Each structure stands twice: as C-alpha cells, then as structure tokens.
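Hi everyone, thanks for making time this morning. Let me put the structure up, and then we can walk through it together.

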Amino acid sequence: MKRTLVLLTSIIFIGGAVILAAGVAGDAALGTQAYENFESDEVCAECHVDIARQHEQNLMSQSFTHEWDEIEYYELALPHAERIAKVAGIKAGCMGCHAPLAFLAGDIPPKKPSEGTRANEGVSCDLCHSITGFEGDVPFNFNFIVSPGEIKQGVRTGTESPHHKIAANPFLGSAEFCGTCHNEKDPWGQWVKATHLEWQKSPQAKAGITCIDCHSPKAAGNSAPESGGADHSDVRQHLFHGAHDQGKLMGAAEVRIHPSTTTAKAGSNLVLTATVVNAKAGHAIPSGSAEERVVWLHVVATDSKGRAFHLPVDAKGFEGENFTIASDTLAYQDIGDIKQLKDFPGLKRDGQVPAGDRIFRLPYLDPEGRMTVAQWNTATFGPDYRLHPLEARNETFSWTLPSDIAAGQVTVKAEVWYSRLVASVASYLGIPNEEVTPVLMGVHETHFTVGG
Ligand code: HEC
Ligand code: HEC
Ligand code: HEC
Ligand code: HEC
Ligand code: HEC
C-alpha cells in the first residue's frame with residue numbers, strides 16, 4: 001500500500017495539482033487548505049443523484065451537525081480543551097474527523113451548526129474523493145493526505161466525466177483509508193477508537209473482506225446516468241450504515257440458550273447457558289465509540305402461570321468483571337470535573353440496563369480510574385469484554401427454582417439489546433432519546449418442564 005501511495009503522490013507532483021497539500025497530514029494539516037478548494041456536495045449531486053441521496057442519509061454527512069456531536073463538542077470537549085493543557089489538542093483534533101473542511105481551513109473552533117458554515121458539510125464527497133493516501137505506517141487521527149482540485153480519486157480507469165478528471169486510486173477502497181478516521185489515539189496515548197485495528201485481526205480481513213464490502217456494497221447501476229456515465233455491474237452504494245441503522249444492528253449479534261435439563265422439580269437447581277456470537281461485524285461489537293455504546297444480554301424465565309423471573313448472569317471471576325455486570329453503581333464523575341461542578345456524584349453507570357444483566361463492553365477509565373464517556377479523557381481501560389468477530393461467548397445463569405413455581409412448561413427468553421448511549425448520560429446532557437432507545441439485536445427462546 002505504501003508503494004502505491006508514494007507513486008500516487010508523485011503523479012500528483014508531476015501533474016502540478018495543489019502541490020502544497022501533498023504529504024501534509026494529521027495535526028500538521030490544520031489551516032493548509034481554503035474552504036473554496038473543496039466543492040460542495042450539491043455540486044456532485046447534480047450528476048451523482050443516487051449516491052448523493054444515499055450520502056445524505058448516512059452519518060458521515062452529519063458528522064458535525066448531528067445534535068449529539070454538537071453537545072459533546074461544545075459542552076464538554078471544547079471547554080475542557082480550553083482549560084486543561086493535556087487535552088488542548090482536541091479543540092482542533094475533534095474537527096479533523098468530524099468537520100474536516102473546517103479543520104483544513106483552520107476555522108477552529110467552527111461556528112455552531114445553526115450558523116450554517118461549511119463545517120456543516122462534515123465528511124463530504126469531495127473530502128473523501130480528494131484523499132490520495134496517508135502518512136506513516138498506521139492510519140489514525142485524520143492522518144490522510146488530501147489533494148483537492150480537478151482530479152477526483154476514484155475506482156476505475158477509462159471512465160470519463162464532463163466535470164472533473166479521474167484518478168484510479170486503490171487507496172480509496174482500502175480499509176486503511178477508513179482507518180484514518182476510524183482509529184483514534186487520545187492525548188493519553190490510548191487507542192480509544194480502533195475499528196480498523198480490530199478489523200485487521202478479524203477472520204473477515206484474512207478472507208479479504210474489507211469495510212466497504214459490508215458498508216458500501218456493490219450493485220449494478222450507473223453513478224451518473226444523465227451526464228454520460230457508463231453502466232457497471234459493481235457500483236459502490238454509499239450506504240455507510242452502522243450503529244444508527246436498525247437493520248444493521250438486528251441480527252449482528254445472535255443468541256441461543258438451552259437448559260441443563262429438560263425436566264426439573266420445584267426447588268431444584270438448573271443452569272441455563274446462553275451463547276452469544278458476533279455473527280456479522282468485521283470488528284468488535286460495539287466498535288468505534290465503544291465508550292458510549294451499551295450491548296447487553298437479558299434473560300427472563302416465565303412459568304406456566306405467566307409469572308416472570310429475571311435471571312442474573314453468573315460471575316466468571318475475571319479481573320474487572322464488575323464493569324460487565326449491570327448494577328446501580330455511579331460513574332462518569334469526570335463530567336462534573338469538566339463542567340466544574342462541586343460534589344457531582346456521577347450518573348448511573350449502566351443507565352437503563354437491569355441489574356444483573358451481562359454487558360459486553362470495553363470500560364474506558366479516566367485518569368482516576370472511573371468509567372468515562374469522554375474518550376479524550378481516557379487514561380486506561382478495563383477488561384475488553386466485547387463481542388469479537390465470529391467469536392462466541394457462553395454465559396451461564398444458575399437458577400434455584402422457587403418452591404412455588406407453577407408446574408408445567410417454563411419459557412426462557414434471551415435477548416441481546418443495543419443502545420447507542422448510556423441512558424443516564426443522554427438524559428443528563430439533553431441528547432435526543434432516539435440515541436438511547438434500545439434495538440433488539442438477537443433473541444431466542446428455550447423451554448423446560450417443571451414436574452407436578
Ligand atoms: C456534470 C456531472 C458531474 C458532476 C457535477 C460530478 N461528476 Fe463525478 N462523474 C461524472 C461522470 C459522468 C462520471 C463517470 C461515471 C462512469 O462512467 O462510471 C463520474 C465519475 C466519478 C467518480 C468515479 C470515478 C471512477 O470511475 O472510479 C467519482 C469518484 C466522482 N465522479 C466523484 C465526483 C465528486 C466528488 C463530485 C463533486 C465534487 C463529482 N463527481 C461531480 C459526472 C459528474
Ligand atoms: C467516507 C468517504 C466517502 C464519501 C463521503 C463519499 N465517497 Fe464516493 N466512494 C468512496 C469509496 C470508498 C468508494 C469505492 C472505492 C472502491 O471501490 O475502490 C467510492 C466510490 C464512488 C464512486 C464510484 C462508483 C462506482 O463504483 O462506479 C462515485 C461516483 C462516488 N464515490 C461519488 C461520490 C459522491 C458524489 C459522494 C457524495 C454525495 C461521495 N462519493 C461520498 C468513499 C466516499
Ligand atoms: C463483515 C462485515 C463488516 C466489515 C468487514 C466491517 N463492518 Fe463495520 N459493521 C458491520 C456490522 C454488522 C455493524 C453493526 C454492528 C455494530 O454496530 O457493531 C457494523 C458497525 C460499524 C460501525 C458502528 C459501530 C458502533 O458500534 O458504533 C462503524 C463505525 C463501522 N462498522 C465501520 C467499519 C469500518 C471502518 C470497517 C473496516 C475497518 C468495518 N466497519 C468493517 C459489519 C462490518
Ligand atoms: C474523514 C474522516 C472519515 C473517513 C475517511 C471515514 N469516516 Fe466513517 N465516520 C467518520 C465520522 C466522524 C463518523 C461519525 C459520524 C457521527 O458524528 O455520528 C463516521 C461514521 C461512520 C459510520 C456510521 C456509524 C454509525 O454510528 O452509524 C460508518 C458505517 C462509517 N463511518 C464507515 C466508514 C467507512 C467504511 C469508511 C471508509 C470507506 C469511512 N467510514 C471513512 C469519519 C470518517
Ligand atoms: C480520528 C477521528 C475522530 C476524532 C479525532 C474524533 N472523532 Fe468522534 N467519531 C469518529 C468516528 C469514526 C465516530 C463513529 C464511530 C462509531 O460509530 O463507532 C465518532 C463518533 C462520535 C460521537 C458519537 C456520535 C454517534 O452518533 O454515534 C460523538 C459524540 C463524537 N464522535 C464526538 C467527538 C468529540 C467531541 C471529539 C473530540 C474530543 C471526537 N469525536 C474526536 C471519529 C473521530
């Protein structure tokens with residue numbers, strides 16, 4: 001990949017296009033471009049209608065305007081950066097990925113979305129299609145190299161456009177390209193986002209299945225039918241659906257559950273084993289903003305008379321396991337530090353998750369060892385108890401049947417739920433409820449009989 005990169009950069013040098021930008025990446029690229037160097041999405045939409053409509057519906061077009069991002073940047077990250085030297089870099093750094101045009105134009109901090117500046121364009125068509133490669137060995141922290149202008153980085157050779165030139169650039173289709181924004185190292189040197197690094201170790205990566213195969217699949221079509229575009233069997237659909245897409249989440253984690261015995265007596269012991277597998281994602285579930293996501297396993301048994309029993313998961317005894325079993329513990333006290341609140345007790349660590357449920361998570365810990373949703377304030381991690389690609393985990397639920405359980409069939413239901421943000425944090429910060437509404441990822445039922 002690096003050889004290609006060097007080759008491409010030199011082609012651009014020879015071509016004479018925006019020589020200044022070549023090779024400048026990451027923090028060093030701050031203020032190296034003008035907004036005018038990038039065309040707006042509306043220009044591309046004149047010809048690439050379907051792709052434009054697809055892009056408007058994915059989160060990357062909203063990476064700056066999305067309400068939750070606005071709240072986290074302006075109410076937590078920015079004030080924190082302005083007060084504490086250790087995290088000062090995030091003032092511009094957040095924008096390197098979320099409002100790359102503003103970052104490159106040196107418009108930092110950008111005006112709020114309501115002001116309608118070009119920061120609002122987020123990860124735009126022309127931004128992605130001006131990226132020629134990345135700097136260094138590992139893609140992370142917006143270390144992409146941009147070369148905006150007449151040449152759009154594309155896929156094929158031999159296609160022509162009335163509006164722009166095309167450079168066939170294999171980098172665009174690589175996982176490293178995505179990694180420039182989907183890997184993040186924070187001011188403490190921690191990998192607080194590692195979707196590409198997780199993917200690298202996945203069975204999917206070994207099989208040659210990349211990010212775009214799942215997030216931007218190929219379909220037959222024509223990307224610019226009204227302006228001379230050609231038909232192809234494999235046009236990349238710009239869906240980029242992820243945690244904000246119910247359908248993408250449903251079935252991504254599967255669950256099956258079985259009892260240790262098919263018949264049992266009231267008062268006896270029995271064990272239910274649930275197997276949970278990350279069946280569809282080429283990275284951990286949750287990935288990326290793992291500090292905010294909550295994925296949990298909920299098991300309920302119902303006897304023949306309709307009486308329901310919530311079963312708490314059995315502890316396994318590994319270090320830091322308490323972070324992975326829901327309880328009423330408080331966390332996120334660093335929100336109080338950031339907002340300079342005196343005696344802020346914290347917020348419910350597990351939000352809406354019923355106590356006793358297993359949470360598949362990677363706890364992000366602040367410099368004082370408390371769980372945080374501020375990825376930039378993460379000094380260490382707790383145990384990585386997420387669901388890794390194509391790996392299954394068994395969870396057991398030991399149950400002493402109540403002496404008065406009704407005779408007949410007991411139904412045991414296991415559900416895996418996904419919430420994009422801890423509910424307590426969302427309500428405290430005023431983040432729209434839709435980010436918290438749980439999505440059912442997987443469900444299964446089993447039965448056993450209680451003898452009369
Ligand atoms: C006036 C119409 C028009 C406009 C405006 C336009 N394009 Fe295109 N573009 C085309 C046509 C036609 C093709 C060729 C499609 C084909 O034959 O596959 C094309 C191809 C492309 C390709 C694919 C190249 C390849 O074959 O791999 C990319 C990437 C691209 N355009 C990006 C953009 C971006 C980004 C913008 C806005 C900044 C833009 N285009 C604006 C007409 C246009
Ligand atoms: C997050 C980065 C990103 C954004 C934003 C983005 N694209 Fe793309 N685009 C890609 C990737 C990746 C490919 C496929 C590369 C490959 O297959 O090697 C692609 C492919 C294309 C193609 C070629 C389609 C084909 O297969 O013939 C066109 C045309 C295109 N994009 C236009 C656009 C337009 C127009 C927009 C905005 C409405 C846009 N892109 C936004 C990353 C992006
Ligand atoms: C084999 C298919 C597959 C591959 C390969 C894959 N993904 Fe995903 N991705 C998924 C599925 C399914 C989900 C939904 C489950 C989830 O949110 O974890 C997802 C979710 C995501 C999310 C939202 C994660 C979250 O929890 O907030 C992001 C961001 C993402 N993928 C980016 C990437 C990037 C970048 C790559 C390449 C480095 C990649 N994906 C590779 C299938 C895939
Ligand atoms: C210039 C930086 C940048 C690049 C390059 C980039 N992304 Fe993203 N991506 C983002 C940001 C920022 C978000 C978060 C948007 C938001 O604020 O919710 C995001 C969101 C996403 C999501 C939606 C996650 C969700 O929660 O629903 C998916 C899927 C995704 N990206 C996949 C990709 C893939 C695949 C590639 C490579 C083809 C890629 N991205 C390249 C910056 C980037
Ligand atoms: C290296 C690129 C990068 C940097 C730097 C970065 N982000 Fe993000 N951010 C992303 C990506 C990619 C996602 C989507 C990840 C996912 O869905 O898993 C995201 C997601 C988010 C989300 C969740 C939005 C959602 O809809 O899921 C918020 C809020 C956010 N970022 C705020 C910030 C703030 C504040 C900063 C600065 C402290 C920051 N980000 C720095 C790339 C970045």
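Which element gives the largest share of the shell around ligand 5? That is α5, with 6 residues. Helices here are DSSP runs of H or I with at least four residues, strands are E runs with at least two, and both are numbered from the N terminus. Before I go on, please keep in mind that this is a predicted model: local features need pLDDT of at least 70, side-chain atom pairs count only at pLDDT 80 or more, and totals for chains, interfaces and linings use all residues. Residues are numbered from 1 along each chain as its sequence is written, while chains are lettered from A and ligands numbered from 1 in the order in which they are written.

Back to ligand 5. It is surrounded by 25 residues, and the closest are Ala77, Cys94, Cys97, Glu184 and Gly288. A residue counts as near a molecule when its C-beta atom, placed from the backbone, lies within 6 Å of it. Two or more shell residues come from each of α4 (67-83), α5 (90-98) and α8 (175-182). By class, the shell around ligand 5 has 11 nonpolar, 10 polar and 4 charged residues. For the classes, Ala, Val, Leu, Ile, Met, Phe, Trp, Tyr, Cys and Pro are nonpolar, Asp, Glu, Lys and Arg are charged, and the others, Gly among them, are polar.

Now, α4 and α5 also meet each other. Their axes come within 9 Å and cross at roughly 150 degrees, and that makes α4 roughly antiparallel to α5. The axes are lines fitted to C-alpha atoms, for helices over the stretch in contact, with angles from 0 to 180 degrees between N-to-C directions. Under 35 degrees is roughly parallel, over 145 roughly antiparallel, 65 to 115 roughly perpendicular, and the rest oblique. On the α4 side the contact uses Asp69, Tyr73, Ala77, Leu78, Ala81 and Glu82, and on the α5 side Ile90, Lys91, Cys94 and His98. Contact means C-beta atoms, placed from the backbone, within 7 Å.

Next, the domains. The assignment gives domain 1 (2-236) and domain 2 (246-450), with bounds that come from an automatic or database domain assignment. Their centres, taken over C-alpha atoms, are 34 Å apart. In the contact between them, 26 residues of domain 1 meet 22 residues of domain 2. On the domain 1 side, α4 gives the largest share, 8 residues, and by class that side has 15 nonpolar, 6 polar and 5 charged residues.

Why does ligand 5 lie between the domains? Both domain 1 and domain 2 give residues to its shell, so that is where it lies. Ligand 3 also lies between them, because both domains give residues to the shell around ligand 3. That shell has 28 residues, the closest being Cys211, Cys214, Gly242, Ala243 and Gly282.

Ligand 4 has 24 residues around it, and Cys211, Gly242 and Ala243 are among the closest, along with Cys178 and Cys181. Here α8 gives the largest share, 5 residues. The shell around ligand 4 divides into 14 nonpolar, 9 polar and 1 charged.

Last stop, glycine 452, in the segment after β21 (439-450). Is glycine 452 buried or exposed? Exposed, with 8 other C-beta atoms within 10 Å; the cut-offs are 20 or more for buried, 12 or fewer for exposed, and partly exposed in between, with C-beta atoms placed from the backbone.

Methods: Two residues are in contact if their C-beta atoms, placed from the backbone, lie within 7 Å.
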